[in-house]
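Subject: Structure handover

Hello,

Here is the structure you asked to take over. My notes on it follow below.

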Amino acid sequence: MLIDSHCHLNYRGLIEDQQNVLERARAAGIDLMLNIATRESEWDAVLATAEQQPDVYATVGIHPHEADEHPHIDTAKLIERAAHPRVVGIGETGLDYYYDHSDRARQQGSFRAHIAASRATGLPLIVHTRDAEEDTLAILREEMGQGTYPGVIHCFTASGAFADAALDLGFYISISGIVTFKSAKDLQETAARLPLDRLLVETDSPFLAPVPHRGKPCEPAFVADTARFLANLRGQSVEELASATSANFRTLFRKTGFSKSGAAPSA
Ligand SMILES: [Zn+2]
Ligand SMILES: [Zn+2]
């Protein structure tokens, strides 16, 4: 059994064939998927999928690429939507200085608004960071000083030093199909030594199909290929890696244990 901790089931590439995508994931032994929001206009659809599918949960958030388009999204709005019983996380949020699709100051403001929502709700923060290690860490640290909050660095591709700093802050680290790429030597080195009790796996589908599916649209079923590669890299059995990453997911996203009944987790 495996959990895909980060996918975009309502994106083009998956939405057209969503029911079959879900069936193939179930056939591959994926027993939970976290459907990640990136813009306000898709929140309703992302939530609706989680309402309809018992093995899909949702998040609310604004991707750093979209920060410029969402100047009106604040902590209060995030908290309000996060009350939905199927919303178990806040994000994805963070900083992306590689594409710079949004103004950096706006990305930072949006990031801090999401952190405040995570702190207020107790729901984990899903952090996207690319070419922005220094600012990401500075903000995570500074905000942690105002009151703790849980979270995960998703689709981890940063340095080993960044991983260590994130672990020190109590964060989990989620490994995507990028780890299977031949060129990802540094990432493989870091992924091999991450503590098993802080590790998650994800597809970030429809992006980043792992080996041997490169060139195809990625889908949650492929998290099994990433898990197999990662287990091999770490000298563990797939079963051990699968059961540890699933247990970690349920520890971090603890609202998944409550939200079938719609009851809120106790703080
Ligand atoms: Zn991302
Ligand atoms: Zn994503």
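Asp96 stands opposite Arg130 in strand 5; strands here are DSSP runs of E with at least two residues, and helices are runs of H or I with at least four, both numbered from the N terminus. Strand 4 and strand 5 pair in the parallel sense over five bridges, where pairing requires that DSSP finds at least two bridges between the strands. Of the six residues of strand 5, five are buried, so the strand is largely enclosed by the rest of the structure. Buried means under 20% relative accessible area, exposed means over 50%, and partly exposed is in between (1.4 Å probe, protein chains only).

Please note that this is a predicted model, in which local features need pLDDT of at least 70 and side-chain atom pairs count only at pLDDT 80 or more, while totals for chains, interfaces and linings use all residues. Residues are numbered from 1 along each chain as its sequence is written, chains are lettered from A and ligands numbered from 1 in the order in which they are written, and side-chain values use heavy atoms, with hydrogens and water left out.

Zinc sites

The zinc ion (ligand 1) has Glu92 (OE), His128 (ND1) and His154 (NE2) as its protein donors, at 2.0 to 2.2 Å. Donors are N, O and S atoms within 2.8 Å of the metal (3.2 Å for Na, K and Ca); water is not among the atoms, so sites may look incomplete. Along the sequence these donor residues are spaced E-x35-H-x25-H. Glu92 lies in strand 4 and His128 in strand 5, so the pair ties together parts that are 36 residues apart in sequence. Both Glu92 and His128 are buried.

Glu92 also bridges to the zinc ion (ligand 2), and the two ions lie 3.5 Å apart. The protein donors of the zinc ion (ligand 2) are His6 (NE2), His8 (NE2), Glu92 (OE) and Asp204 (OD), lying 2.1 to 2.4 Å from it. The angles between these four donor atoms run from 86 to 173°, which makes the arrangement irregular. For reference, four donors count as tetrahedral if all angles lie between 85 and 135 degrees; four count as square planar and six as octahedral if opposite donors are over 155 degrees apart and all others between 65 and 115; anything else is irregular. His6 lies in strand 1 (residues 2-7) and Asp204 in the loop between strand 8 (199-201) and helix 8 (223-234), so this pair ties together parts that are 198 residues apart in sequence. His6 counts as buried because its relative accessibility is 1%, and Asp204 counts as buried at 9%.

The loop between strand 8 and helix 8

Pro206 is in this loop, and a cis peptide bond with omega about 15° joins Ser205 to Pro206. Pro212 is also placed there, and the peptide bond from Val211 to Pro212 is cis, with omega near 10°. Leu208 is found in the loop between strand 8 and helix 8 as well. Although not a glycine, Leu208 has a positive phi of about 60°, and it counts as partly exposed at 27% relative accessibility.

One more backbone point

Cys155, in the loop between strand 6 (151-153) and helix 6 (160-168), has a positive phi near 45° and is not a glycine. With 11% relative accessibility, Cys155 counts as buried.

Regards
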